[in-house]
Amino acid sequence: MSTEPILSVRGLTMEFGGIRALDKLDLQIYPGQIAALIGPNGAGKTTFFNCLTGIYMPTAGELHLSPPEQPGRRLNGLKPNQVTEAGLARTFQNIRLFPGMTVLENVMIGRHCRTKAKIFGAILRNPGTRKEEKETVDISMALLAKVGLADVADEFARNLPYGAQRRLEIARALATEPLLLLLDEPAAGMNPQETQNLTSLIRNIRDEGLSILLIEHDMKLVMSLSDYIFVVDYGRKIAEGTSEEVRINPVVIKAYLGEEVEYA
Amino acid sequence: MDVITLKDCRKALIAALWFMFLTFPLLVIKVNTTENLVIWRWHNLLYVGVAAGSASLLTSIFRGLHDRKREQQRHQEKVIHISLTERFFSNPVVSRPVLAAGALFFLIFPLLFSTYQVNIMTTALMYVVLGLGLNIVVGVAGLLNLGYVAFYAVGAYTYALLNMHFGVGFWVALPLGGIMAALFGILLGFPVLRLRGDYLAIVTLGFGEIILLVLKNWAEFSQGPGGISNISRPGFFGMEMSMATTLNYQYYLTIAMVLLTIFVINRLQNSRIGRALFALREDEIACQAMGIDKTTIKLTAFALGATWAGLAGVLFAAKNAYVNPDSFTFLESAMILCIVVLGGMGSIVGVIIGALILILLPEYLRAFSDYRMLAFGALLVIMMVFRPQGIVANIRRSYHKKDSAP
Ligand SMILES: Nc1ncnc2c1ncn2[C@@H]1O[C@H](COP(=O)(O)OP(=O)(O)OP(=O)(O)O)[C@@H](O)[C@H]1O
Ligand SMILES: [Mg+2]
């Protein structure tokens, strides 16, 4: 494992009025790692993603992205689109596709920040624009093939079954060429077969050199997939470590199962 | 299930009474102020009652049949529901000849009809341009703009003022009008960047009113309510033209404008920018998370939409050789919005059909001109109930198959 973390978060705090959804959270993710962020409902996991991706403005804390062999970048205060450009792409817990666009178009939107065509290019369709457009289609189709949706490329996104919508969100996020992929409960609502496929998909993505941070409630998936796990409860990090370490950590068991475990 | 139930009849009766009550002051009482007489037009009450009652009954029947069809479909295997219009436009064998015939019709229109008809058609075509422009903002990007006519006014007054003060000709003013309107679009865009939905609608409505009030009251600048007259008509290499020729020339000019608009907007819609605009309408947060700069894309939408209104405005000033603020009231914005909603948000063909219907029908049904607004309202309500996606639903194009026409 490389020594320099690709993402480092220090003292991240997020308050909504009186509620402290995140409390001085520290977290490091290393290149090529699959990390998981777990915790009970309302622990602040989604809020963490929203702070990272510029949707929320954190109350305090430092967010730093330092890709290997590239200058590091502070993520604080960036707009969501700038965060995506910097190399963070995400999926949403409550699926946020573009329902009235086709499956292929959804992925093509992901290419927006990596392409340049402007209004006049679009009107004149000069060779440069045409080439770029063709590349966009080719890359997007390849991504759809990867997540197993190539044959429904022309369907409206809203017509896809739930599991397929989740995979489409992953393809769309990949189209932005991220360094770090953030997945918010990718297996929610999937049947065991779909979850199985998802597991190998996530592994494949990692093997291609991406780092992944996933939020997930499906413990089997988390334990089999993650190199490193962070556990949060009430916005605070209560434990971290490999799956073996976390599994037997009494604090984690207590957070998940409640007090009685201690006496059981 | 019967076609008509007792409940439907009762509903129809209530609807009839309710409408009779509502329209009573409007349709029954007529005050003759010169002779201080009140005229009671009771027969109107009868008409309203019968009309409302039967309309209610018809909707019930229609609904019933519709539901029954739905029910049947649900029992069959998976029924793929594709509307007639979608099938029509996705099948080039059928749609090409029809479109070709349409093109030919518009091309030889001035040869077939009187100058009066040509004039009306020119107006309708100008609304096609306006509708297509607003369609970018409302239909594609999903930003409800109720002050669109302001940009139309900007275009018209740009030409009128430039022509009055500096004698600038039509062809020079045309791009300038477009650019001015685009600038105003951006000007409006900045303060409303954070607004959505109703709030956006209210602010844009206000913007339209501000422009109108400025034009009305700042007489030194805009000549006030009296307007500006004697604007040069579009020239054609300095040729002298008779009145009829001028009208025909303007007709073809407008046709050219419509074609340009369709060409440009079609290309824009199927481009990186167009997709981003559409994504903005679909989901603003996801749109940003995909790396689209919300600020830029919103301003782009406003500027692009405004440009067409500006161009149409120059055309309008040139056609009438006269502009005054009365041409740019809220009613005009509402009209253009109706065109977009009725035709189908986001659909180019839909907007063209919508514009032709909404502008031409009232012209040819002058006898009913008193009920024009009533009919509009009814039409929109009916559309929203039975076909909310408009006459032509927006069809997404397929990018990856070779056989799909652009
Ligand atoms: N925009 C907001 N305004 C106010 N409170 C918020 C907001 N977003 C989140 N919260 C609060 O922050 C806390 C953490 O919410 P969050 O959605 O991050 O939980 P989570 O860990 O993702 O839970 P789950 O597993 O159910 O998805 C909750 O108490 C929630 O009510
Ligand atoms: Mg969550």
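**Cysteines and ligand shell**

Author: Happy to: B:Cys287 is buried, with a relative accessible area of 1% (buried means under 20%, exposed over 50%, partly exposed in between, with a 1.4 Å probe and protein chains only). This is a predicted model, where local features need pLDDT of at least 70, side-chain atom pairs count only at pLDDT 80 or more, and totals for chains, interfaces and linings use all residues. Residues are numbered from 1 along each chain as its sequence is written, chains are lettered from A and ligands numbered from 1 in the order in which they are written, and side-chain values use heavy atoms, leaving out hydrogens and water.

Reader: How many disulfides are there over all chains?

Author: A disulfide is a pair of cysteine sulfur atoms within 2.5 Å. The sulfur of B:Cys287 is too far for a bond, because the closest cysteine sulfur, in A:Cys113, is 11 Å away. Over all chains, the count of disulfides comes to zero.

Reader: Is B:Cys338 buried or exposed?

Author: B:Cys338 has a relative accessibility of 14%. With that value, B:Cys338 counts as buried.

Reader: Which residues are the closest to ligand 1?

Author: Ligand 1 is surrounded by 13 residues (a residue is near if one of its heavy atoms lies within 4 Å). The closest are A:Asn41, A:Lys45, A:Thr46, A:Thr47 and A:Gln93.

Reader: How do the residues of the shell around ligand 1 divide into nonpolar, polar and charged?

Author: Ala, Val, Leu, Ile, Met, Phe, Trp, Tyr, Cys and Pro count as nonpolar, Asp, Glu, Lys and Arg as charged, and the others, Gly among them, as polar. The shell around ligand 1 has four nonpolar, seven polar and two charged residues.
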